[in-house]
Amino acid sequence: MTLPSGTDLAARMADLARATSGAWSASDILDSVTATAVDLIPGVDTAGILLIRGSAHESVSGTAQIPKQLDDLQMSLGEGPCMQAALDDTEVVTDDFRSEVRWPRYSPAALDIGVRSGLSFKMFTADRTAGALNLFGFQPHVWDDNDLAIGGILAAHATAAILANQHGDHLRAALRTRDQIGQAKGIIMERYDVDDLRAFEMMRQISQTTDTKLFDVARQVIETR
């Protein structure tokens with residue numbers, strides 16, 4: 001694999017920037033990020049993204065099955081570069097797993113799978129979800145500053161895609177909540193011949209008295225009418 005020219009790199013980054021702000025889904029953007037890493041960074045043979053939320057984890061946008069295998073392995077062992085990047089360090093660099101001593105159980109297992117080197121980059125996600133963009137090589141590779149720079153930019157694009165998707169989910173949830181509360185107020189206004197403010201106050205009092213979320217009170221009003 002040859003080093004990408006400045007023109008190639010600029011073009012691919014511009015494409016990703018447009019995708020992040022355009023109509024692509026988060027999944028499409030993450031797939032493009034991992035594919036771009038394989039195309040642009042010498043020594044990278046496969047790539048994937050690890051997301052961790054509490055004790056649960058998810059592997060997404062892998063360019064092959066190996067990134068998921070390695071993610072599952074690290075979560076079961078409780079150690080490894082992808083976990084370390086997601087939860088602690090900004091960048092984790094491994095030039096050769098044969099001489100890697102930071103993860104005494106993971107390193108030999110990664111070698112057995114066929115991976116000899118790797119790069120992991122923290123993704124600053126929200127909603128209590130940790131993440132890392134993970135790049136793997138089948139040969140030992142001495143990663144240089146150019147590799148780290150490209151990987152960091154790609155991790156930033158992946159982060160932007162996930163945050164935009166989370167924001168969209170929150171917005172849609174907020175709109176659903178608003179609509180259901182409005183519908184419930186209408187039912188109470190009609191049934192008890194009260195105005196808008198009094199209907200909302202009645203629901204709020206029930207919410208406080210029963211220690212129930214206002215959204216759930218509204219849903220119960222709609223379901224029982």
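## Helix pair α7 and α8

Phe200, Met203, Arg204, Ile206 and Ser207 of α7 touch Leu214, Val217 and Ala218 of α8. Contact here means heavy atoms within 4.5 Å. By class, the residues of this contact split into six nonpolar, one polar and one charged. The nonpolar class is Ala, Val, Leu, Ile, Met, Phe, Trp, Tyr, Cys and Pro; Asp, Glu, Lys and Arg are charged; the others, Gly among them, are polar.

Two packed helices are described by the angle between their axes and the distance between the axes. Helix α7 covers residues 196–210 and helix α8 covers residues 214–224; they pack at about 115°, with axes 9 Å apart. The two are therefore roughly perpendicular. That label spans 65 to 115 degrees; under 35 degrees is roughly parallel, over 145 roughly antiparallel, and the rest oblique. Axes are lines fitted to C-alpha atoms, for helices over the stretch in contact, and angles run from 0 to 180 degrees between N-to-C directions. The crossing of α7 past α8 is right-handed, meaning that the near helix is turned clockwise from the far one by less than a right angle.

## Model and conventions

This is a predicted model, in which local features need pLDDT of at least 70 and side-chain atom pairs count only at pLDDT 80 or more, while totals for chains, interfaces and linings use all residues. Residues are numbered from 1 along each chain as its sequence is written, and side-chain values use heavy atoms, with hydrogens and water left out.

Helices (H or I, at least four residues) and strands (E, at least two) are DSSP runs, numbered from the N terminus.

## The sheet

Five strands make an open, antiparallel sheet in the order β2-β1-β5-β4-β3. Strands β2 (56–60) and β3 (91–94) are at the edges with a single partner strand each, so one side of each has no neighbour in the sheet. The twist from one strand to the next averages 15°.

Two strands pair if DSSP finds at least two bridges between them. Strand β1 (residues 46–53) pairs with β2 over five bridges. Here Ile49 is bridged to Val60 of β2. β3 and β4 share four bridges; Glu91 has Phe121 of β4 as its bridge partner. β4 and β5 share seven, and Gly118 is partnered by Phe136 of β5. Helix α2 (residues 26–40) lies across β1, β2 and β5 (130–137), at about 140° to β1.

Which residues cover the two sides of β4? Ser117, Leu119, Phe121 and Met123 are buried on one side, and Gly118, Ser120 and Lys122 on the other. In a regular strand the side chains alternate between the two faces of the sheet. Seven of the seven residues of β4 (residues 117–123) are buried, so the strand is largely enclosed by the rest of the structure. Buried means under 20% relative accessible area, exposed over 50%, and partly exposed in between (1.4 Å probe, protein chains only).

Thr159 sits in helix α6 (residues 145–192). Thr159 is buried at 9% relative accessibility. Beyond its neighbours within four places in sequence, Thr159 contacts Met123 and Phe124.

## Positive phi in two loops

Most residues other than glycine have a negative phi. Ser61 has a positive phi near 55°. Ser61 is in the loop between β2 and α3 (66–77), and is buried at 13% relative accessible area.

Asp211 also has a positive phi, about 55°, without being a glycine. The loop between α7 and α8 holds Asp211. Is Asp211 buried or exposed? At 71% relative accessibility, Asp211 is exposed.
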